[in-house]
Amino acid sequence: MELGEPIYVGKAKSIYKTDKEDELISLFRNDMTAFNGVKKDSFAGKGAYNAAVSAFFFDYLEKNGVKTHFIKMLDDHTMLVKKLDMIPLEVIARNVAAGSIVKKLPFKEGQILNPPVIVTDYKDDERGDPSVNDDLIVALGLVTRDELAEIKEITHKINKLLYDFFDELGLIFVDFKIEFGKCGGEIILGDEISMDSMRLWDKVTKESFDKDVYRFDKGDVMTAYAKVVEKIMNWQKENVK
Ligand SMILES: Nc1ncnc2c1ncn2[C@@H]1O[C@H](COP(=O)(O)OP(=O)(O)O)[C@@H](O)[C@H]1O
Ligand SMILES: [Mg+2]
């Protein structure tokens, strides 16, 4: 596909304009980064895996009443999306304590968080994505208090849907990060939902099937990603007729 010059090149995706003012193309590259870009690699097929999983979940969420930016796939790693006015927040939901929360607070790795915990980071690589609370979000003018409440409500809903989905596949949906944007005054889920932006553990062995495999050299990251894709595709074969 001929795409021209991207309007934005992020750490894992490139964004392109289309003929339509209100639509963009999101191309999932094979680049993998961790620790705010300090560790960098490229893996053949990674973009397609993440795009396929994102497309699957956007579709799954739409069917369950969550509005997303997803329009359609253009090829195996390229997605047509609604253009959103992105809210610079990383909205993180945690079902089990792992990663940064264990470093910063006295939680034990693997400790169950019930009810799930939602935290927010201000999306700014140069500042290291600092954590922000509700007052700071409102003071910064990112969203209103009502919009923030809506963002959290949608995040809880997505978390429940995906937790139950992965539970059926034998995986624990430990945590995930999502981004929202606005379009015509509405809050809409944007960006991606992939193995790069979540933690998934095997229910029995607690083995990782997400970017932690890459972050902490726990094995072959593409084998781990392929396993998740395979499980989702098998679920689809049995459930979507
Ligand atoms: N529907 C959308 N409209 C506009 N921008 C979007 C949309 N979905 C995602 N984005 C933005 O596109 C970029 C995707 O590229 P990515 O590689 O994830 O970048 P980053 O390194 O900034 O996380 C992100 O900055 C994200 O906020
Ligand atoms: Mg990103």
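This is a predicted model: local features need pLDDT of at least 70, side-chain atom pairs count only at pLDDT 80 or more; totals for chains, interfaces and linings use all residues.
A residue is near a molecule here if one of its heavy atoms lies within 4 Å of that molecule. Keep that in mind for the ligand.

Ligand 1 first. There are 16 residues around ligand 1, and those that come nearest are Tyr 8, Ala 12, Lys 13, Lys 123 and Glu 179. By type, the shell divides into seven nonpolar, seven charged and two polar residues.

Lys 13 has a backbone N or O atom 2.7 Å from an oxygen atom of ligand 1. For Lys 123 the side chain is involved: one of its N or O atoms is 2.7 Å from an oxygen atom of the ligand. At Leu 84 the backbone comes in again, with an N or O atom 3.0 Å from a nitrogen atom of ligand 1. How much of ligand 1 does the protein bury? The ligand exposes 550 Å² when taken alone, and the protein buries 89% of that.

Where does the shell come from? Two elements give two or more residues to the shell around ligand 1, namely β2, residues 13-17, and β7, residues 78-82. In terms of domains, domain 1 (8-82) and domain 2 (85-220) each supply at least three residues of that shell.

Next, Asp 191. This residue is in the loop between β13 (186-189) and β14 (198-202). Is Asp 191 buried or exposed? Its relative accessibility is 16%, and buried means under 20%, so Asp 191 counts as buried. The side chain of Asp 191 also makes a polar contact with the side chain of Lys 13, at 3.0 Å. That is the lysine whose backbone I mentioned at the ligand.

Now the helices. Helix α1 covers residues 46-63, which is 18 residues. From first C-alpha to last, α1 reaches 26 Å, close to the 26 Å expected at 1.5 Å a residue. This helix is mostly covered, with 13 of its 18 residues buried. Just after α1 comes Gly 65, with a positive phi of about 85°.

Helix α4 runs over residues 145-168, 24 residues in total. Its reach from first C-alpha to last is 35 Å, close to an expected 34 Å. Buried residues in α4 include Leu 148, Ile 151, Ile 158, Leu 162 and Phe 166. Among the buried ones are also Glu 147, Thr 155 and Asn 159. Following α4 is Gly 170, and its phi is positive, near 85°.

That is the end of my tour.

How values were computed. Residues are numbered from 1 along each chain as its sequence is written. Chains are lettered from A and ligands numbered from 1 in the order in which they are written. Side-chain values use heavy atoms; hydrogens and water are left out. A polar contact is a pair of N or O atoms within 3.5 Å; within protein, one must be able to donate a hydrogen and the other to accept it, and residues adjacent in sequence count only if both atoms are side-chain atoms. Accessible areas come from the Shrake-Rupley method with a 1.4 Å probe; for residues, only the protein chains shown count as cover. Helices (H or I, at least four residues) and strands (E, at least two) are DSSP runs, numbered from the N terminus. Ala, Val, Leu, Ile, Met, Phe, Trp, Tyr, Cys and Pro count as nonpolar, Asp, Glu, Lys and Arg as charged, and the others, Gly among them, as polar. Domain bounds come from an automatic or database domain assignment. The expected span of a helix is 1.5 Å times one less than its number of residues. Buried means under 20% relative accessible area, exposed over 50%, partly exposed in between (1.4 Å probe, protein chains only).
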